[in-house]
Amino acid sequence: MKLSSRSKAYIIPEYSLTGDLISFLTCNLQYRYQNKGTLPPSTPIQLWFGEFIHGVMEEAYLKWKNEKPSFPWDWESNIRCIEKIIDYRLRARGLYAPTNLYCTKYKKYEKSIPPGNDHPYQKIASGRTERAINILGPDLFPLIDSAEVLIKGTRKMPNYKEGQSRSNYYGINGVIDVISSLKISENKNNGIIEYLNNNEEFHEIVHSIDSDEYEIIIDYKGMKRPSVDSDNWNYHQWQLLTYAWLRSKQEDSKPIAAGIIFYLNELLPSTEDLIAIKEDINQNRTDVEIGKEDEDKLMNWDENNEEDNYVYLSKEFMKNRSIRIIPIEEKPILNALEEFDEVVSKIENSMIKEINGTPIKKAWKGKAEKRTCMACDFKTFCNKMDSKDITIP
Ligand code: SF4
């Protein structure tokens, strides 16, 4: 009797929008080591802060929903306890807070030091959580209908070749931080809706919607607003457009009119962020106008003077920079999906090359911005950086 063999498992490669596609675009080789090789970064500043601020905003929303504390929240009595929960949660996953970003000495200092923005142990990450909650929270929390919504879909594998490609489909997934459902007929007195209403494209889209309700999708980013000519500027737009496509496939979705990205570093920029903001303004690489007073302050600030290493900008300017509105329309969605197909095709190509025996450094291209390379754990052996630029602690 002939025994039949079990057929090969049918596996569809899964790609996450932020974890895979944007990481790959940042540097193919770094993505290979970090994501495929599961080698976590040794100093995960951006990774830690991104996870931390997402967790804090989610918990703060739940606290607001259940207890309705009035704004502004006091950092020491209302926010610090949330930070602690999230810090412990991240530690359980092996993500430890960078010491220059966040203070983990809860017991020793919590009771003895008065609250306020100048709290000596309120390092920049905590300063940002306080501002994100108190500046954005009063308008944002009442708009939230669902938070942390998982979205998934499948697409045809680009450039599929039978016998060579790993699968004829690929899976795409992501998590929408916030979905807000709004009624066209309702005129809410809300700061975020005011930002939306000031956007002409958004207006046109809302008025073309054949329904009384529409949705807004919101994403938090633990980073500065990118320059308008940078790759990140486009990647973030593609990300939200793809989220909109995935969301539109879910049964309970309504027409999606816009995406909003909150760049949370803008609410309390680091010195490095301020230098980059100044550069963006000088080189005309930003879409946010600066007022005369803020401009004078920023342009007269000498970033090389160690005694004057910070400049405080107005709350209005920081808020304007932190909010980015992305109108959602069909044509840009199709373009974004094509872009992502292209990226998946490149990842699959590199993967197949490696499976077929090509050395890692040849199968995956090492190329990134200098700032990314400087912070990269693999710079000493990837041979892409000039050895004189490499400093080893
Ligand atoms: S050093 Fe730069 S090019 Fe090399 S792997 Fe890291 S990010 Fe990529």
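This is a predicted model: local features need pLDDT of at least 70, side-chain atom pairs count only at pLDDT 80 or more; totals for chains, interfaces and linings use all residues.

Student: Which residues surround the ligand, and how do they divide into nonpolar, polar and charged?
Tutor: The ligand is surrounded by Cys27, Gln30, Gly366, Lys367, Ala368, Cys373, Cys376, Lys379, Cys382 and Lys384.

Student: Where does the ligand sit?
Tutor: The shell of residues around the ligand includes Cys27 and Lys384. As for its location, the ligand sits in the largest cavity.

Student: Is Ala368 buried, partly exposed or exposed?
Tutor: Ala368 belongs to the loop between helix H14 (360-363) and helix H15 (370-374). Buried would require under 20% relative accessible area, and exposed over 50%. Because its relative accessibility is 25%, Ala368 counts as partly exposed.

Student: Which residues does Ala368 touch, leaving aside residues up to four places away in sequence?
Tutor: Ala368 and Thr26 stand 342 residues apart in sequence. In space, however, their C-alpha atoms are 6.1 Å apart. With residues up to four places away in sequence left aside, Ala368 touches Thr26, Cys27 and Cys373.

Student: What share of residues 211-383 is helix, and what share is strand?
Tutor: The UniProt record, an unreviewed entry, annotates residues 211-383 as "domain: PD-(D/E)XK endonuclease-like". The end C-alpha atoms of this span lie 56 Å apart. Its content is 50% helix and 13% strand.

Student: Which residues are joined by a cis peptide bond?
Tutor: The bond in question has an omega of about 0 degrees. The cis peptide bond joins Phe71 and Pro72.

Student: Does Glu148 count as buried, partly exposed or exposed?
Tutor: Glu148 is part of strand E2 (residues 146-156). Its phi is near 55 degrees, a positive value in a residue other than glycine. Since the relative accessibility of Glu148 is 38%, this residue counts as partly exposed.

Student: And does Asn284 count as buried or exposed?
Tutor: Asn284 lies in the loop between helix H10 (271-282) and helix H11 (292-300). Phi of Asn284 is near 55 degrees, which is positive although the residue is not glycine. Because the relative accessibility of Asn284 is 65%, this residue counts as exposed.

Notes:
Residues are numbered from 1 along each chain as its sequence is written. Side-chain values use heavy atoms; hydrogens and water are left out. A residue is near a molecule or strand if one of its heavy atoms lies within 4 Å of it. On a 1 Å grid over the protein atoms alone, a cavity is a set of points where a 1.4 Å probe fits but cannot get out, and a pocket is an open set with protein on both sides within 12 Å along at least five of seven lines; lining residues have an atom within 4 Å of a point. A molecule sits in a cavity or pocket if more than half of its atoms lie within 2 Å of its grid points. Helices (H or I, at least four residues) and strands (E, at least two) are DSSP runs, numbered from the N terminus. Buried means under 20% relative accessible area, exposed over 50%, partly exposed in between (1.4 Å probe, protein chains only). Contact means heavy atoms within 4.5 Å. UniProt positions are given in the numbering used here, feature names are shortened, and annotations may be inferred rather than shown by experiment.
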